[in-house]
Every structure is written in structure tokens, then in C-alpha cells.
Amino acid sequence: MNEIKNELNKIYKLTGIRLSVENEAEIDIVNLKKISAAYKEKYSGSNLLQNILTGNKGQTVAGKSLGIKPDTKMRLYLIYVPTKIDENITKIITSLFPGRSSEYLCSLDFTHLCFLYLGEDNIARPLLDVIETEAMTSAYIAYSDIFSDACILQREYSNLSQALTISKIFYSDKKIISPNDLGIGELIYNIPKSLCERFLKKHFGESIDDESMQLVTTFLRHNLSIAETSRYMHMHRNTLVYRIEQIEKKYGIDIKTFEGANMFAVAILITNFLKVKNNE
């Protein structure tokens, strides 16, 4: 009888539904435990978070359904693993953050995990390090600002999802990104494709060739320094100067000036954007 009462009590705590038994002899405790376990899974923090983020559960009661106290400070993390998420990765994360926080970790598809961390610390770097070192796989993480209203979880998730998409197009070398750090990439992402094509055609012909784009990108990253760029590319200074002059002659833009460098920087971002759009 105690076992039956315990399982019925678990169901009540999970669902708010109080059940009673008239004839204990007719109750199969094994099946009752299966029902209790099924409800536990359905109302787990992981499952509830997934439903909230994907819009399958109302936002207004998000905090209450997750059991999060009002005014609790939290951050949302969206983790992208290009290879594929396996059980090992979730175990690594929950071992790094044991206890209540690990309840709010859910898989969204084969390559994305969402982690709702209860706390103000930015744990993006520890998360990335532990995934890449222990799971031995590459990962990318978008993180939110601190917030205390669970009702905005879906909005925060949408912002992080877009941030990862924009980052993969324009800042593929960045492993950690915030929606606040998207810069001009966010602007270009929201410009119609036709306007981007018109800009390239007007100032660069049809497009920038890959070799020129690679050299100019390296030149820009080294603050237009001939010495630093030639050292990084293992190229003789005179060879680099000649190649830069050829690029300037081809496109009619002096990339050694502030205006020319800016023009090329924008054009490279637009070129990368159009490559993705044309492959969709």
C-alpha cells in the first residue's frame, strides 16, 4: 500500500491531479510506476524548456511551470555542434554544472542544444572548453544578456538562433557570439539580396574573386600593415605590395585608405552572404 501511495503522490506533485484507489488488489504497481515515470519525463525541466522554446507551451506561465522563482537572474545559451549531438555531450555539461541548473538542458535537434543557466555568470567559455576538450568536437555558442523574466525565453531563443546564423555567415572564426556583437553583419543579413547584388555590381563588377578576397581579408585583419600581413602570409614584402596594387587596379579602389578599406570590408561580407543565399 505504501508503494501505491508513493506513486500516486508523485503523480499528484507532477500534475496536480489527485487519484484515489478503491481496490488495491486490482492495481499493478509496475504499471503505476511506469505512469509515474512517464509523467516525470513529460514534466521534466528539459521537456518543459523545449516546449517553451519551440512555442508548444504558453509563455505567460513559463517561470511557474519550470519552477523558477520570480526575479531569478538567468542566461540562455544556444549550443551548435556541427558533427552531431550525442549523449556524451549532455553528460559532460551536466557534470560541469550539477544540481538544479542541469535540469534546464534540452536538445532541439541533432545539432543544437539549449541550456538555461540560473545565475548571472557568463559560462560560455567554460561550456565551449569542456565540450571541445572532453567531447573532442567543435562547437559554437550564442549567449543572451542576463534576464529575470522567463516569459521572454522564446524571444531570447529566437535572438540566439539568428545570432548563430549570422555568425556562421560573417564571423565563422568566432566560436562565441552574443546578439549584441553582430555588427555590420546583422545589417547586411537584413538587406534584400537584390540590393546586395546591385552594390557589388556597381563597385566591383559582378563579384570579388576568392584569391583577392583572401588577401584583402588578411590585410584588413592586420590593420592595413604591410609588414604584419607579409609576415603572417610568409610572403615577401615586395610581392605583397605588387599583389595589392594589382587588386587596386582591378577594382579601382585603394584599399590602403580608410574609405577603400571600408568599402572592401563591406563587399567581402556581402560576398559571403550572397554565397550562402545562392546555395539555399
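## Exercises on ring pairs and a helix contact

A search of the whole structure finds 8 aromatic pairs; rings of Phe, Tyr and Trp (its six-membered ring) pair if their centres lie within 6.5 Å. The model is predicted, so local features need pLDDT of at least 70 and side-chain atom pairs count only at pLDDT 80 or more, while totals for chains, interfaces and linings use all residues. Residues are numbered from 1 along each chain as its sequence is written, and side-chain values use heavy atoms, with hydrogens and water left out.

**Exercise 1.** Classify the ring pair of Phe170 and Phe273 and state where its members lie.

*Solution.*
1. Planes under 30 degrees apart count as stacked, over 60 as edge-to-face and the rest as tilted.
2. The ring centres of Phe170 and Phe273 are 6.0 Å apart and the planes stand at 25 degrees, so this pair is stacked.
3. Phe170 belongs to helix α7 (residues 153-170) and Phe273 to helix α13 (residues 258-279), 103 residues apart. Helices here are DSSP runs (H or I, at least four residues), numbered from the N terminus.
4. Phe170 is buried at a relative accessible area of 8%, and Phe273 is buried at 1%. Buried means under 20%, exposed over 50%, partly exposed in between (1.4 Å probe, protein chains only).

**Exercise 2.** Classify the pair of Tyr189 and Phe273.

*Solution.*
1. With 6.1 Å centre to centre and 65 degrees between the planes, Tyr189 and Phe273 are edge-to-face.
2. Tyr189 lies in helix α8 (residues 183-189) and Phe273 in α13, so the pair ties together parts 84 residues apart in sequence.
3. Tyr189 is partly exposed, at 23% relative accessibility.
4. Ring pairs join Phe170, Tyr171, Tyr189 and Phe273 in a cluster.

**Exercise 3.** Describe how helices α11 and α12 are packed.

*Solution.*
1. Two packed helices are described by the angle and the distance between their axes.
2. The axes of α11 (residues 226-233) and α12 (residues 237-251) come within 9 Å and cross at roughly 105 degrees. Axes are lines fitted to C-alpha atoms over the stretch in contact, with angles from 0 to 180 degrees between N-to-C directions.
3. The two helices, α11 and α12, are therefore roughly perpendicular (65 to 115 degrees; under 35 is roughly parallel, over 145 roughly antiparallel, the rest oblique).
4. Ile226, Ala227, Thr229 and Ser230 in α11 meet Arg237, Leu240, Val241 and Ile244 in α12, where contact means heavy atoms within 4.5 Å.
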